[in-house]
Amino acid sequence: MSWKFSEKNEKKFQELLKRYPKKDSLALPALWMIQEQDGWICKNAMVFLAKKLDKSPMDIYSIASFYTMFHFEPIGKYHIQLCKTLSCRLRGSENIKKHIENRLGIKAGESTEDMKFTISEVECLGSCGTAPCVCINDDYIQNSTPEMLDKILDKLK
Amino acid sequence: MIKKIESKNFEIENAHSLHVAKQHGRYSSLERLFSMSSEEVLDEVDKSGLRGKGGGGAPTGGKWRLIPNPSDKPTYLIVNADESEPGTFKDRQILEYDPHLLLEGIICSSYAIKAHHAYIYIRGEYAFWAKRLQEAIDEAYSEGIIGKTILGHDYELDITLHRGAGAYICGEKSALVESLEGKRGHPRLKPQQKEPEWFFGCPSVVNNVETISSVPYIIKEGFVAYRAYGTEKSPGTMLFGMSGHIQNPGVYEIQFGESMSEFIDKIGGGVKDGKKLKAIIPGGSSTHVLRADEIEDITLDYESLRAHGSSLGTGGMILMDETVFMPDVVKNLFEFYHHESCGQCTPCREGVGWSDKLMGKILDGNGTKKDLDTLIDLSFILNGKTICVFAPSVAYIIDSYISKFKDEFYSLVK
Ligand SMILES: Cc1cc2nc3c(=O)[nH]c(=O)nc-3n(C[C@H](O)[C@H](O)[C@H](O)COP(=O)(O)O)c2cc1C
Ligand code: SF4
Ligand code: FES
């Protein structure tokens with residue numbers, strides 16, 4: 001049941017400790033490492049991190065849950081994030097949303113049964129000049145069109 | 001119209017790599033920097049009139065002088081790369097095309113405030129840009145540009161990149177510091193008098209990416225050269241963005257004081273598909289909307305926009321053509337603010353949610369005149385009663401859109 005960092009992450013954690021006046025600052029970097037390791041953040045990982053930072057598991061959850069990019073249950077292998085804020089909206093983000101929802105047969109906020117895809121609607125991605133913007137995992141798809149997204153999704157295994 | 005100071009290297013191939021960056025002038029301000037004392041650097045930046053480019057336009061030199069000198073505690077420079085204000089996408093251009101410009105600016109600015117560690121807080125979604133910036137930092141370390149000495153000059157400086165994880169409010173400077181301390185990103189109560197930010201109780205400065213990236217030019221060429229651009233009160237240049245219904249969306253560097261409508265027509269290529277302009281949000285979604293007929297005399301500087309009842313903000317303009325229905329825009333913005341409220345203050349947490357719900361009801365055709373009145377009353381509740389200026393921004397949205405496009409809102413209610 002216990003959870004721990006991979007060797008690589010443990011090393012990275014130790015190095016980061018030297019870069020901040022107090023170890024409290026490591027909350028976000030460590031949560032990122034957990035999420036990169038597992039794809040999401042489980043309770044055991046939060047218990048593990050709490051020990052490392054001399055906090056209670058509840059402290060860690062209260063911090064982590066403030067930030068929308070952390071997931072507390074598994075999500076699809078490919079996380080499709082659709083920007084819905086004004087500049088994207090003015091350039092057709094609603095069409096993009098309809099297209100993706102139809103193609104995958106799920107609504108924003110849901111995952112496909114095989115856990116390959118999750119769709120989320122998100123706020124401004126800082127890509128307003130190349131709207132509409134979609135972000136799949138870490139990659140921005142800028143000036144996106146249904147055809148472009150089809151091509152990309154076709155290739156995802 | 002275009003004046004390339006910060007964006008000078010944007011179109012040079014591979015200018016993000018140290019080798020190419022150096023060939024094009026990066027780190028060439030350091031020689032003059034280290035011939036000056038910290039005090040002289042502060043003076044130079046003061047005299048340049050440089051103003052913060054993160055939205056507020058506060059004089060940068062004045063802000064740096066809030067750091068006690070001498071300070072009995074370590075001081076820190078914290079760079080704000082959270083860039084989440086809708087309509088704003090300028091800082092990422094620097095991170096993508098010329099990250100060494102930012103690092104050079106960090107060296108100059110840290111030296112001025114005697115900081116030996118600088119943190120860059122970058123929004124979590126900017127994974128690509130974080131990677132690019134980390135590569136630049138690693139290169140700078142390995143070439144002895146940062147670390148124990150700066151290119152042999154006796155000054156120690158570390159730079160650490162810190163990733164956020166999706167929270168607009170962490171762009172607010174005190175929330176950013178809270179987040180950097182490993183907490184929820186809750187803005188802090190503002191002190192009575194001007195003070196530095198406090199990072200674990202140590203005096204610190206928070207500056208925007210573009211502000212810091214403006215410093216090397218000032219150090220290298222001197223404040224007079226910087227003041228040759230812009231206006232008396234808004235000196236220099238800024239990266240202005242255009243998005244929405246514009247023919248050529250993008251980020252363009254121009255000097256302050258240029259005509260807004262000329263900028264839109266000449267550089268932006270006018271409204272998309274030859275349609276008519278209806279409205280424009282001048283500097284990120286938190287600034288007051290302007291009707292097309294209001295912009296004729298506006299010049300792009302802090303004073304002119306203030307005089308026209310709005311503000312320059314981040315310089316990220318959102319243009320809307322004649323087909324746009326303003327109540328839809330307001331609903332879209334309310335959803336953003338509803339989602340992003342940090343939840344500390346009751347008027348904000350509840351008030352923004354109510355505004356969003358009321359607007360939804362009105363748009364669904366179930367609203368009454370009384371609902372619109374309630375919405376206008378909410379603006380009073382949201383303004384001036386909260387810890388940070390997030391809630392007042394929502395009040396400005398209610399006030400400016402409803403008063404300027406009254407008919408559209410009243411056409412929806414019984
Ligand atoms: C709600 C809110 C969000 C903000 N977001 C950002 C941001 O994303 N980036 C930024 O540089 N400044 C942002 N600011 C402004 C910062 O609080 C701060 O004034 C700025 O980083 C200071 O840098 P400057 O003086 O160099 O402009 C925000 C302010 C508020 C109230
Ligand atoms: S005004 Fe809103 S965002 Fe700002 S501190 Fe209060 S609740 Fe948080
Ligand atoms: S509005 Fe979609 S990226 Fe800014």
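1. B:Lys385 lies over the face of B:Phe380, 4.1 Å from the ring centre. A charge counts as sitting over a ring if NZ of Lys or CZ of Arg is within 6 Å of the ring centre and within 35 degrees of the ring normal. By this criterion the charged end of B:Arg163 sits over the ring of A:Trp32, at 4.0 Å from its centre.

2. This is a predicted model, in which local features need pLDDT of at least 70 and side-chain atom pairs count only at pLDDT 80 or more, while totals for chains, interfaces and linings use all residues. Residues are numbered from 1 along each chain as its sequence is written, chains are lettered from A and ligands numbered from 1 in the order in which they are written, and side-chain values use heavy atoms, with hydrogens and water left out.

3. Over all chains there are 32 aromatic pairs (rings of Phe, Tyr and Trp, the last by its six-membered ring, with centres within 6.5 Å; planes under 30 degrees apart are stacked, over 60 edge-to-face, the rest tilted). The A:Phe5 and A:Phe48 pair is edge-to-face, because the ring centres are 5.1 Å apart and the planes stand at 80°. A:Phe5 precedes α1 (7-17) of chain A and A:Phe48 lies in helix α3 (residues 43-52), so the pair ties together parts 43 residues apart in sequence.

4. A:Phe5 has a relative accessible area of 6% and A:Phe48 one of 15%; both values fall in the buried class (under 20% relative accessible area, exposed being over 50% and partly exposed in between, with a 1.4 Å probe and protein chains only).

5. One aromatic cluster is formed by A:Tyr20, B:Tyr76, B:Tyr119, B:Phe199 and B:Phe200.

Key:
Helices (H or I, at least four residues) and strands (E, at least two) are DSSP runs, numbered from the N terminus.
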